[in-house]
Amino acid sequence: MIGIIEIEGMEFFAYHGCFEAERVVGNKFTVNACLHYECSRPAESDRIEDALSYQTAYEIIAREMMQPSHLLEHVGKRILSALYAAFPQLQYARIKISKMNPPLGGQIRCTSVTLEK
C-alpha cells in the first residue's frame, strides 16, 4: 500500500543565494514536501515506530535549510538525499523550495525550485 505524506507551508529564514548580500542579510523561504512511501506496516500496526515520521521529516528539512547554499537546487538535493537516507520505505519525494521576495529588481512574490527523486 502506498501512502502520501504532504508537509506544506514550512517557513524558514535562511541564507541561500548567489549574491553575497543574500548570504549576509538572509531571506524568508517556504518549503513543501510530498513523500510517497510503503505504508502497509503502519496502516496495519497503528504504531508510530512503523510509520514515516512527519516530525523527523520536518527536522531533516529544517536542518538542511539552515545550511547556507548558493543554489536552491543544492539545498533540494541535500534534503532529498537526507530523507532517503532516513527512510528506507520512501519510494518517491518531491521538494519545492520558494524564495520569498527575491532580489530581482521588481515586485516578485517568490521564485521556486522543485526537485523530484
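Begin by selecting Arg41, Arg47, Glu49 and Asp50, which in this predicted model are joined in a network of salt bridges. Within that group, turn to arginine 47 and glutamate 49, whose closest N and O atoms are 3.8 Å apart in a salt bridge. Arginine 47 is partly exposed, with a relative accessible area of 45%, whereas glutamate 49 counts as exposed at 57%. Side chains of opposite charge can pair when their charged atoms come close.

How many salt bridges does a search of the whole structure find? The search finds six, and another one to select is the pair of lysine 28 and glutamate 11, with 3.5 Å between the closest N and O atoms. This pair links distant parts of the chain, because lysine 28 sits in strand β2 and glutamate 11 in strand β1, 17 residues apart. Lysine 28 is partly exposed at 38% relative accessible area, while glutamate 11, at 51%, counts as exposed.

Next, select helix α3, residues 54–65, which has 12 residues and reaches 16 Å from its first C-alpha to its last. Now colour the buried residues of α3, namely Ala57, Ile60, Ile61, Ala62, Glu64 and Met65, and then show what covers them, including β1, β2, α4 and β3.

Finally, stay with glutamate 64, which is buried with a relative accessible area of 9% and whose side chain meets that of arginine 63 in a salt bridge of 3.4 Å, N to O.

Conventions
Residues numbered from 1 in each chain as written. Predicted model: local features only at pLDDT ≥ 70, side-chain atom pairs only at ≥ 80, totals over all residues. Heavy atoms only, no water. Helix = DSSP H or I, 4+ residues; strand = E, 2+ residues; numbered from the N terminus. Expected span 1.5 Å × (residues − 1). Buried < 20%, exposed > 50% of the residue type's maximum accessible area, 1.4 Å probe, protein only. Contact = heavy atoms within 4.5 Å. Salt bridge = Lys/Arg side-chain N within 4 Å of Asp/Glu carboxyl O.
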